[in-house]
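The following exercises are to be worked with the sequence and the three-dimensional structure at hand. Each task is followed by a solution in steps.

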Amino acid sequence: MKSFSESYKAAGVDVTAGYKAVELMKAHVARTMVPGVMEGLGGFGGLFDLGELNLRHPVLVSGTDGVGTKLKLAFLLDRHDTVGIDCVAMCVNDVVCVGAKPLFFLDYIATGKNTPEKIAAVVSGVAEGCVQAGAALVGGETAEMPGFYPEDEYDLAGFCVGAVEKDAMLSKENVREGDALIGLASSGVHSNGFSLVRKIFGIDREKLNVYVDELGATLGETLLTPTKIYVKPLLALLAAVPVHGVSHITGGGFYENIPRMLPEGLQAVIRKENFPVPPIFPLIRETGSISERDMFNTFNMGLGMVAAVPAERADEALRVLKDAGEDAYLVGEVARGGDGVAIW
């Protein structure tokens, strides 16, 4: 007999809605299964058999993140099938920066009211992100919290685990003076800086639905575009070229993230003219009167990842990424000098 409590329902928590949500999720979760997963949803823990990986000395690499205030746009537009991709992307893109292949993912959704169809839509995005990353969705949690969250809102966070051979891990100590910096194009704002974006545009439903000529879409469509997942192209690059370092350009932009892959005494020299900036960023800058420094210190400005490779292998790296379907650019080099980033 299924669990049911009239008293709990009267307090605002409907456990039967949770059961329905799980049933609606199952088809999405099934898409994500990969070798190593030991059982489906329903247990007390997601199980993964590391023996399936055939690694000599595996190191587990973990990452966790959420979607942030970009969720506010999903609420206003009543579109919930893309933010799950953002959630996965923010985790797996970090994990691959160490050279690890993401293995499995778990999500956490907290909401004021469990509407099964809405929760299933969110999970469909999580599953799509997992498919793009080659990771399995092995579990999760939906918490119905009336009085804590508004009925029509939710928060979404996730957790990823990957694995890499110990002697293949990427470390900032591998980056050398003279390395070429390869930038991988972003899909837009990704999932960072939305508190500033929302303040600049004074976002409401009406403004999100306005078509903007320079964007070729509505403001809402452009801003809700999911974060790009770079796992498969970067794994292809790692298999073909000696990659010395990788940086995921998230909150804090260039100035915070690129130095995380650099050893002391080296800096990244980035040449702005070497890559296109998507039109959403000039629109943000002009509308909010934001300085160029602050733009590069908050947003990805068109580059979601930056990889350091030997200069003599840069052309090969660009070919590998192009063959993997990525737009990639030679955006600069590693130079001797003060720690940090110089943008020319």
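Two strands are said to pair if DSSP finds at least two bridges between them. Helices (H or I, at least four residues) and strands (E, at least two) are DSSP runs numbered from the N terminus. The model is a predicted one, in which local features need pLDDT of at least 70 and side-chain atom pairs count only at pLDDT 80 or more, while totals for chains, interfaces and linings use all residues. Residues are numbered from 1 along each chain as its sequence is written, and side-chain values use heavy atoms, with hydrogens and water left out.

**Exercise 1. Determine the order of the four strands in their open sheet, and state which strands stand at its edges.**

Step 1. The order of the four strands is 1-4-2-3, with mixed pairing.

Step 2. Strand 1 (58–66) and strand 3 (136–144) each have a single partner strand, so they stand at the edges and one side of each lacks a neighbour in the sheet.

Step 3. From one strand to the next, the twist averages 15 degrees. Angles run from 0 to 180 degrees between N-to-C directions, the axes being lines fitted to C-alpha atoms, for helices over the stretch in contact.

Step 4. Strand 1 and strand 4 (residues 154–165) run antiparallel and are joined by nine bridges. Within this pair, S62 is opposite V161.

Step 5. Helix 5 (residues 116–133) lies across strand 2 (101–111), strand 3 and strand 4, at about 165 degrees to strand 2.

**Exercise 2. State how the chain is divided into domains, and how many residues each domain brings to the contact.**

Step 1. The division gives domain 1 (4–166) and domain 2 (170–341); such bounds come from an automatic or database domain assignment.

Step 2. Taken over C-alpha atoms, the centres of domain 1 and domain 2 are 26 Å apart. The contact (heavy atoms within 4.5 Å) takes 31 residues from domain 1 and 31 residues from domain 2.

Step 3. Residues 60–164 are 37% helix and 36% strand, with end C-alpha atoms 7 Å apart. For residues 176–343 the values are 33% helix and 23% strand, with end C-alpha atoms 19 Å apart.

**Exercise 3. Is G178 buried, partly exposed or exposed, and with which residues is G178 in contact, leaving aside its neighbours within four places in sequence?**

Step 1. G178 is found in the loop between strand 4 and strand 5 (180–185).

Step 2. The relative accessibility of G178 is 37%, so G178 counts as partly exposed.

Step 3. With neighbours within four places in sequence left aside, G178 is in contact with A311 and V334. The C-alpha atoms of G178 and V334 are 5.2 Å apart, although 156 residues separate the two along the chain.

**Exercise 4. Identify the buried residues of helix 6 and what covers them.**

Step 1. In helix 6 (residues 194–201), the buried residues are F194, V197, I200 and F201. Their arc around the axis is only 120 degrees, which puts them on the same side of helix 6; the arc is that of the directions from the helix axis to the C-beta atoms.

Step 2. The cover includes helix 3 (71–77), helix 7 (205–208), helix 8 (219–223) and helix 11 (280–288).

Step 3. Just after helix 6, G202 takes a positive phi of about 55 degrees.

Technical notes:
Buried means under 20% relative accessible area, exposed over 50%, partly exposed in between (1.4 Å probe, protein chains only).
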